[in-house]
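Please refer to the sequence and structure shown here.

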Amino acid sequence: MGTSFSDWIGTVSDFVWGPPLLIFLVGTGIYLTIRLGFIQITKLPYALKLAFTKHQDDTSEGDISHFQALMTALAATVGTGNIVGVATAVVLGGPGALVWMWLSGLFGMATKYAEAILAVKYRVVDEKGQMAGGPMYYLERGLKQKWLGVLFAAFASLAAFGIGNGVQTNSVALAMKSTFDVPLYVTGIVLMVATGIVIIGGVKSIGKVVSYFVPFMIFFYVGSGLLILIMNYELIPGAISTIFSSTFSNEAITGGAIGAAIRYGVARGVFSNEAGLGSAPIAAAAAKTDFPGRQALVSMTQVFLDTLVVCSITGLTLVMGGQLDKKLEGVELTTASFEVFLGPAGKYIVTIGLVMFAFSTVLGWSYYGEKSIYYLFGQKSILPYRVLFVLVAGLGAMTTNLNMVWAISDVFNGLMAIPNLIGLIGLSGVVIAETRLFREQLKREEANRRVS
């Protein structure tokens, strides 16, 4: 019975994450990119400046700053996908999968922009005076389809316990056991206490913690990866040539390898940056901002940083390391590749990076799940949710096999995208109108700067 149920869940997961959803995800990104005039390219420099400087004053509506909202979203997205997911894509789809990961990231920036605009525009103030927003609110208040909002919130709240919690803490515990021989229960207790301390204070507490924690963890891992690239710069042209020839060679096209590259490149790219899933706009809705478009540009940079920076560094290191033929999978491949260039230190860097990435995902998703539960059941559900979330963090760490939980939560993670993408397409006119308003505001600001 167990095996048959496991097989059934695997089949459902393959169906949910099959070509129709991937085409819907990327197609939505392409559609929005065209309608928005390639905003992810034309406004990227301004968006990055906005993300890392204090623009808005404290009188703007919201709970946390642009930067804290970005870091909360990055906390949830920069996770095991950046270390394990990239390696899985390269193993299953070949080095060419990275090209499709980059393309899905490029178009995903437009999707993320649209999600954030709608999240801020249709957000509400809850009974505690805090912002509540995300796909469930723009599906109900913008698209006038509350049933789709309820569906999204149900899928998101279930995914939060799995892909955003138990499987992440399990990755942390197994990594700590493998590298430092720390017992699973010790890691579990530490994670329960740490998670409880942070999430009990709500989004402001989460925002403060991740605004310090996330830049450090990204700098730590990205810095190590950049060190590898700089020290071995002569290998980079060959690696890039391998990636593109693996994608567009006659052998890849005629042999069907291009299909696997697209399938795993897009799927793992979306898994990593979450563009189109509807999770990150929940954090964007909490941001202090005077215009929805301003926060939307900040949110857009999240995909750029996650996929086009962090995932690229992992991917290039994997291809340069020459370990792809050794039948290694996931974190083993990433670890082996880092060890080629950094010796024994490579293992510790990957393990510590994985621990930090996974824990940050738990913090970010705790907020997504909380807002989804709040939408469904109101304020009275928040405390029980937080208690249960902390318990699941510990149980996940102490469990030796979470394949079933991973598969189930993977299904809910994919199902979240369907109502969200329907909302993005249906409300694309609102996105364009808000973008036009914000562009006019930017022109006024530029004119005022010239005068002063």
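This is a predicted model: local features need pLDDT of at least 70, side-chain atom pairs count only at pLDDT 80 or more; totals for chains, interfaces and linings use all residues.

## Packing of α11 and α16

Two packed helices are described by the angle between their axes and the distance between the axes. For helix α11 (residues 202-231) and helix α16 (residues 292-321), the axes come within 10 Å and cross at roughly 40°. The crossing in which α11 passes α16 is left-handed.

On the α11 side, the contact is formed by Ile218, Tyr221, Val222, Gly225, Leu226, Ile228 and Leu229. Helix α16 contributes Val310, Ile313, Thr314, Leu316, Thr317 and Met320. The contact of α11 with α16 comprises ten nonpolar and three polar residues, with no charged residues.

## The largest pocket

The largest pocket holds about 1200 Å³ of space. Its lining consists of 41 residues, and Val84, Thr88, Gly330, Asn403 and Trp406 lie nearest the centre. By class, this lining has 17 nonpolar, 17 polar and seven charged residues.

Helices that each supply at least two residues of the lining of the largest pocket are α1 (2-16), α6 (80-93), α9 (146-180), α14 (257-273), α17 (330-342), α18 (345-377) and α20 (403-426).

## The second largest pocket

In the second largest pocket there is about 190 Å³ of space. It is lined by 13 residues, of which Leu22, Ile23, Val26, Ile262 and Val266 are the closest to its centre. Ten of the lining residues are nonpolar, two are polar and one is charged.

At least two lining residues come from each of α2 (19-35), α7 (97-121) and α14. Helix α2 gives the most to this lining, with five residues.

Definitions and conventions: Residues are numbered from 1 along each chain as its sequence is written. Side-chain values use heavy atoms; hydrogens and water are left out. Axes are lines fitted to C-alpha atoms, for helices over the stretch in contact, and angles run from 0 to 180 degrees between N-to-C directions. Helices (H or I, at least four residues) and strands (E, at least two) are DSSP runs, numbered from the N terminus. A crossing is left-handed if the near helix is turned anticlockwise from the far one by less than a right angle, and right-handed if clockwise. Contact means heavy atoms within 4.5 Å. Ala, Val, Leu, Ile, Met, Phe, Trp, Tyr, Cys and Pro count as nonpolar, Asp, Glu, Lys and Arg as charged, and the others, Gly among them, as polar. On a 1 Å grid over the protein atoms alone, a cavity is a set of points where a 1.4 Å probe fits but cannot get out, and a pocket is an open set with protein on both sides within 12 Å along at least five of seven lines; lining residues have an atom within 4 Å of a point. Grid points are joined across faces, edges and corners, and a volume is the space filled by probe spheres set on the points.
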